[in-house]
Amino acid sequence: MFHGEEYNTDGKEESLRTIVDRYRDIEEIDLAQTLGDGFATFVYWLLTKVGLIEIEAASDTHAYSIFEMMNDRGKPLSPVDMLKAYLLAPIESREQRAAANRVWKQTVLDLITWGPDPNPERDAIFVKAWLRAQYADTIRDRKAVAIDKDWELIGSGFHRWLRDNEQRVGAAGAERHLQIMTEEAPFFARAYRTILDAGRHYTPGLESIFFNDAIAFTWQYTVLLAPLTITDDEETVRRKLAAVATYLDIWVMRRAVNHMSVDYSTVNYNMWTVCRDIRRASLGDLVEILVGKLNTDDVTFSGGGPRKRGGIENLQLNQSSRRYIRHLLARVTAYVEVGAGRADQYPTYMDRSTKNGFDIEHLWADKYERYAEQFESEQDFNAWRNDVAALVLLPADVNRSYQDKPFELKVPHYVKQNFYAASLTEATYEHQPQFAKFITAEQLPFRSYDRFGKGEQQERSALLLALAGRIWSTDRLDVLRR
């Protein structure tokens with residue numbers, strides 16, 4: 001090109017093609033004609049004021065450090081760009097570099113353009129999840145003066161962490177870097193997109209991912225990647241994802257019904273321990289580990305934990321528990337509906353975007369004066385009224401129509417609603433053979449009520465606890481092992 005000859009870029013790597021394309025842009029501009037009399041001044045400025053500096057590095061590590069430092073000016077490269085540069089650095093073969101670059105770019109593109117709402121940060125979110133799940137061996141000690149370790153360092157600068165831990169991760173050398181870019185990263189990115197898709201769409205076999213996403217338990221996007229290995233076939237990947245998501249579904253709801261926080265920062269340490277314990281486990285070992293964790297857990301739907309919480313029997317509706325109670329009622333309602341021969345409508349029960357979506361209905365009207373003789377105080381009344389056993393899910397228009405009426409007047413109208421709500425009415429038990437068969441098979445204490453007081457609510461609480469025991473049973477994990 002310096003001598004005015006054509007340069008063939010076919011088969012060359014992208015960065016070289018870009019340089020040639022920009023050179024041709026300059027040619028097309030025709031600076032001499034554009035600048036006119038100012039052309040000589042421009043040439044003088046270019047020769048005397050613009051410097052080209054050659055930097056020679058003694059090793060790939062030094063070269064990457066220089067690259068990172070020099071590019072941390074102006075518009076900075078993203079951490080994913082930095083990671084890509086580090087991984088490409090030791091790959092000397094032009095063909096392998098081109099292939100690695102091509103696969104990496106496609107992997108990143110597939111992530112950030114996934115779904116109807118592209119997210120330019122999704123590639124970085126994925127890399128954090130992947131590296132934490134597969135390689136974070138340490139976490140910051142839980143004390144005031146502790147320093148960040150693997151778990152935190154990956155979250156704050158995964159490109160630097162991988163460079164500093166390449167020996168431990170086995171990421172030293174061109175061959176391993178090539179494998180990471182062309183095999184490992186694409187494999188885990190595909191699994192990650194499967195998780196994203198199952199979180200948005202109610203997918204048979206992966207329903208637990210949808211459940212966890214519905215209550216915004218975002219840690220699952222990291223933990224689900226932990227047991228995977230790049231040799232797993234598609235069916236094994238799906239079973240492992242289902243197993244871990246099921247474990248998280250049970251673990252999270254056990255805590256939620258006990259009014260224990262499951263927010264991102266609160267369970268940070270717990271999620272690291274799960275990743276560590278299930279990392280690259282076979283399907284059989286994975287289920288064994290997860291079932292063991294649940295069986296030795298001191299928090300259950302009946303209560304427990306260090307503060308001896310009361311479980312479902314003490315679960316009340318408030319601002320922090322609302323999303324979990326809505327989820328619990330949706331799961332219970334869907335479970336009973338399916339058991340009685342109807343379709344699984346869980347996504348419908350949780351969808352708040354529809355015109356007549358489902359609302360939480362109180363069996364007790366908000367009329368303390370009506371029930372004052374049964375309670376010690378208005379505070380006591382509100383505690384019973386907001387107890388989860390005194391709540392059902394109904395379409396919004398039905399809820400608005402009957403919410404202020406006494407139980408005796410509104411409950412007959414429940415007969416046309418879902419079976420969990422309709423089970424309060426006597427008529428539901430007369431001509432519903434599949435519902436009757438379901439009750440008998442599951443040995444569930446369903447019954448109808450002419451009135452609803454404290455005693456009836458306690459019975460309803462026992463029913464809800466029995467349903468939760470079946471819905472969030474560890475037997476769901478054993479099935480995945482077969």
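This briefing describes the core, strands, salt bridges and surface of one protein model.

The model is predicted: local features need pLDDT of at least 70, side-chain atom pairs count only at pLDDT 80 or more, and totals for chains, interfaces and linings use all residues. Residues are numbered from 1 along each chain as its sequence is written, and side-chain values use heavy atoms, with hydrogens and water left out. Helices (H or I, at least four residues) and strands (E, at least two) are DSSP runs, numbered from the N terminus. A residue is called buried under 20% relative accessible area, exposed over 50%, and partly exposed in between (1.4 Å probe, protein chains only).

**Nonpolar core**

- A nonpolar core is a set of buried Ala, Val, Leu, Ile, Met, Phe, Trp, Tyr and Cys residues joined through side-chain atoms within 4.5 Å.
- The largest nonpolar core has 137 residues, and the members that touch the most others are Trp130, Leu225, Leu328 and Phe446.
- Helix 13 (residues 234–256) gives the most to this core, with 13 residues.
- Contact means heavy atoms within 4.5 Å.
- Not counting residues up to four places away in sequence, Leu328 touches Met253, Val257, Ile312, Leu315, Val388, Leu464 and Trp472.

**Paired strands**

- Two strands pair if DSSP finds at least two bridges between them.
- Strand 3 (residues 358–362) and strand 4 run antiparallel and are joined by five bridges.
- In this pairing, Glu361 stands opposite Val392 in strand 4.
- Strand 4 (residues 391–395) is mostly covered, as five of its five residues are buried.

**Salt bridges**

- A salt bridge is a side-chain nitrogen of Lys or Arg within 4 Å of a carboxyl oxygen of Asp or Glu.
- The whole structure holds 27 salt bridges.
- One of them links Arg255 and Asp297, with the closest N and O atoms 3.0 Å apart.
- Arg255 lies in helix 13 and Asp297 in the loop between helix 15 (283–295) and strand 1 (299–300), so the pair ties together parts that are 42 residues apart in sequence.
- Both Arg255 and Asp297 are buried.
- Another salt bridge joins the side chains of Asp277 and Lys293 (2.8 Å, N to O).
- Asp277 belongs to helix 14 (residues 268–278) and Lys293 to helix 15, so this pair ties together parts that are 16 residues apart in sequence.
- Asp277 is partly exposed, with a relative accessible area of 29%.
- Arg447 and Glu459 also meet through their side chains in a salt bridge (2.9 Å, N to O).
- Arg447 is in the loop between helix 23 (433–442) and helix 24 (454–471), while Glu459 is in helix 24, so the pair ties together parts that are 12 residues apart in sequence.
- Arg447 is partly exposed at 40% relative accessible area, and Glu459 is partly exposed at 34%.

**Nonpolar surface patch**

- Patches are made of residues with over 30% relative accessible area and no salt bridge; like charges are joined within 9 Å, and nonpolar side chains (Val, Leu, Ile, Met, Phe, Trp, Tyr) within 5 Å.
- Accessible areas come from the Shrake-Rupley method with a 1.4 Å probe, and for residues only the protein chains shown count as cover.
- On the surface, Leu35, Phe39, Val43 and Leu47 form a nonpolar patch, with about 330 Å² of accessible area together.
- Helix 3 (residues 39–49) supplies the largest share of this patch, three residues.
- Leu47 is found in helix 3 and is exposed, with a relative accessible area of 67%.

**Start of the chain**

- Tyr7 lies in the segment before helix 1 (14–29) and is partly exposed, with a relative accessible area of 33%.
- Leaving aside neighbours within four places in sequence, Tyr7 is in contact with Met1, Lys12, Leu16, Val20 and Arg24.
- Tyr7 and Phe158 are 151 residues apart in sequence and 38 Å apart in space, C-alpha to C-alpha.

**Positive phi angles**

- His259 is not a glycine, yet has a positive phi of about 55°.
- His259 sits in the loop between helix 13 and helix 14 and is partly exposed, with a relative accessible area of 33%.
- Lys308, also not a glycine, has a positive phi of about 50°.
- Lys308 is in the loop between strand 2 (303–304) and helix 16 (322–339), and counts as exposed at 70% relative accessibility.
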